[in-house]
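Please look over the chain shown below before reading the briefing that follows it.

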Amino acid sequence: MAQTVAVLGASADRSKYSNKAIRAYAKKGWKVFPVNPKGGEIEGLPAVASIDQIAEKIDRVTLYLPPKVGVDTLPAIAKAMPGEFYVNPGAESEELVARAKELGLEPILACSIIEIGATPAQFPD
């Protein structure tokens, strides 16, 4: 069974790292859940408005939101109880990390695309 990943801050803009993440995870065989408040479809996948709309167990959450917005999503992320929680470059702040830890999350401050053995450059705009 494929591992699942929720991409928070998913964008249809192919130049955005969140979009590159969707493509990278899909190429590596993960089941990808794009999360964007506008919903719709991103890279051929249905986007959900919030993480709490995903009925399946989430193995990993990868965060691509501005830190202030990311902080607001932390309670829903904690409720989903992902196996791993990646905070990508640009999404981190001291406040976000501290709040995540208060909620029982263990934020991993790293590029999740690289962690799965890909590079953003492999996914051109």
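**Briefing on the predicted chain**

Met81 lies in the loop between α2 (67–80) and β6 (84–87), where helices (H or I, at least four residues) and strands (E, at least two) are DSSP runs numbered from the N terminus. The model is predicted, so that local features need pLDDT of at least 70 and side-chain atom pairs count only at pLDDT 80 or more, while totals for chains, interfaces and linings use all residues. Residues are numbered from 1 along each chain as its sequence is written, and side-chain values use heavy atoms, with hydrogens and water left out.

**Backbone with positive phi**

- Most residues other than glycine have a negative phi.
- Met81, however, has a positive phi near 50 degrees, and this residue is exposed, with a relative accessible area of 58% (buried means under 20%, exposed over 50% and partly exposed in between, with a 1.4 Å probe and protein chains only).
- Glu43, found in the loop between β3 (41–42) and β4 (45–46), also has a positive phi, near 55 degrees, and counts as partly exposed at 32% relative accessibility.

**Aromatic pair**

- A search of the whole structure finds one aromatic pair, and the rings of Tyr25 and Trp30 are edge-to-face because their centres are 4.9 Å apart and their planes stand at 85 degrees.
- For such pairs, rings of Phe, Tyr and Trp (its six-membered ring) must have centres within 6.5 Å, and planes under 30 degrees apart count as stacked, over 60 as edge-to-face and the rest as tilted.
- Both Tyr25 and Trp30 are buried.

**Thr119 and Ala24**

- Thr119 has its place in the segment after α4 (112–115) and is partly exposed, with a relative accessible area of 36%.
- The C-alpha atoms of Thr119 and Ala24 are separated by 8.1 Å, although the two residues are 95 residues apart along the chain.

**Overall fold and dimensions**

- The chain holds four helices and seven strands, which follow the pattern β-α-β-β-β-β-α-β-α-β-α when read along the sequence.
- Along its principal axes, the C-alpha trace spans about 35 × 30 × 30 Å.
- Of the 125 residues, 46% count as buried.
- Among contacts (heavy atoms within 4.5 Å) with a separation of 6 or more, 61% are accounted for by residues 24 or more positions apart.
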